[in-house]
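Dear colleague,

I am passing on the structure we spoke about, and I would be glad if you could look it over alongside the notes below.

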Amino acid sequence: MDNVWASTNKLFFKINPSLKFLLISSLFIVYLFVQNLNTMIWASFFFLILYYLVSGLAGKWSFWFVFLTLIVSLFSASAMIMFGKGSHIIYHQSLILITQESLARGLLLGLRTFTFSLIGMIFATTTLPVPFFYSLMQQLKVPVRYAYGCLAAFRMIPIMAEEFLHIRQAMRVRGMTRQKGIKPLYERMNRYSLTMLAQSIRRAQRTAIAMEAKRFSMTERRTYYYEIGWSRIDLYFIVIMLLTVTLGFVFAAYFPLTPFTNVLDH
Amino acid sequence: MSKEKSTNLKLNLTDILVTIVIALVFGLVFRLMGPVYDLVKPFGLHLDALLYGIWFIAAPFAALLIRKPGVAFLAETAAALAEMLFAGSGGVINLYYGLLQGAFSEAVFAAWRYKKFSLGVTSLSAFAALIASIILDAGYAYLPLLAGWNLTLYLVFRVIGSILLSGLFPYALVKGLEKTGVTQSLRPVTKEDYDVLN
């Protein structure tokens, strides 16, 4: 996984994770009420630029990630484009009916999904689990038991991956992977899922018992190894986000690319 | 007796950890299913809606396993958070969907006061999560603006998918897990268990 990150030293890694989380989640509310196709076009454009500037992913990964996300987002709007209601017909063949209204609505939906994915990726690629959960405990007062539970769970991912490989190797040694048909496939799936779930549950139980044995307390006040605080960078972050969102709205007002200012009308 | 029961049903550290680990596993599944779901979409017949049900699985599965209040909500929310941290498609949207779906799923188990965990109740909880997703989709994805026949097809497929993938499937999985014996130590002690001792 090390080569996935370009550098964990970039600006966005140093933002207070709770602030980043809250601000980014609140953007959902902002764009949920946008019905102007132009705003969505410009917003996705500016967030794309922002993503390239701040993303923690290495270049090659980053490009394919964005590309796939764009394709997938437009796919997700295909139903609305092909089967939406509307009166100005562009294309009509049997069940498929593409109208100007449904096309505009579909594009808006696709771009909205794309923008949210980009915002989500800005968050996901610049946030490391450990500071994130520490910050949740310290700034947002998330109960320690849940945050530490998540931290412990994240530590188990590599173990689960290893376990998956072990099961596969064991199956290969016994010739299970060569059997074809529905029944052997079902058998394999069964063995993967049940074994991994049962082992994960047992591991979680053991971890919980070990934590309690070491006097992990669910209620009392505690101190933290990492103290997550605030800095000037948090202020920069707020300004950058506000600027990106405002630019989207301003450009939509002064440089409208399409006539669809409200896709719910017509 | 009633006091003892209430402390009995409180989540302890083991319950929380097990729930979160399960949620993380499902978060990974959600993340991997995301692209699959989007790729079947362009066929237009809403085959994607059949797959939609998988996103409700964390809540009923965890509830069946641990059988305590709050588990379903915690599992679905944590799974959604995990999906967001794994940079799943849709990003922050997932968290809102997860919160609401978890709450609706939880409400069904709460309606039976966490005493009944049959196949029917599990399916109903999947159905409740489906209602939650449709409420959000009506605003987010403009569902009412789809052509009538298309919307109907969509809703029917979603109901079938959610009952199959988040009702029957988790029920069967937990039944399988019961055979391995791991579930015994997770569930709250019942009256029957005490009766065995007497």
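This is a predicted model: local features need pLDDT of at least 70, side-chain atom pairs count only at pLDDT 80 or more; totals for chains, interfaces and linings use all residues.

Residues are numbered from 1 along each chain as its sequence is written, chains are lettered from A and ligands numbered from 1 in the order in which they are written, and side-chain values use heavy atoms, with hydrogens and water left out.

Between the chains, 61 residues of chain A are in contact with 51 residues of chain B, contact meaning heavy atoms within 4.5 Å. Together chain A and chain B bury about 5,000 Å², 80% of it on carbon and sulfur atoms; buried area is the accessible area (1.4 Å probe) that two parts lose on being put together, summed over both. The count of salt bridges between chain A and chain B is zero, where a salt bridge is a side-chain nitrogen of Lys or Arg within 4 Å of a carboxyl oxygen of Asp or Glu.

Within chain A, the axes of H1(A) and H5(A) come within 11 Å and cross at roughly 180° (axes are lines fitted to C-alpha atoms, for helices over the stretch in contact, and angles run from 0 to 180 degrees between N-to-C directions; helices are DSSP runs of H or I, at least four residues, numbered from the N terminus). That makes H1(A) roughly antiparallel to H5(A), the term for angles over 145 degrees. Among the residues that meet there are Phe21(A) and Phe28(A) in H1(A) and Phe116(A) and Phe123(A) in H5(A).

Over all chains the structure holds seven salt bridges. In one salt bridge, the side chains of Arg67(B) and Glu178(B) meet at 4.0 Å, N to O. Arg67(B) lies in the loop between helix H4 (58-66) and helix H5 (71-85) of chain B and Glu178(B) in helix H8 (residues 148-180) of chain B, so the pair ties together parts that are 111 residues apart in sequence.

Conventions:
Helices (H or I, at least four residues) and strands (E, at least two) are DSSP runs, numbered from the N terminus. Angles under 35 degrees count as roughly parallel, over 145 as roughly antiparallel, 65 to 115 as roughly perpendicular and the rest as oblique.
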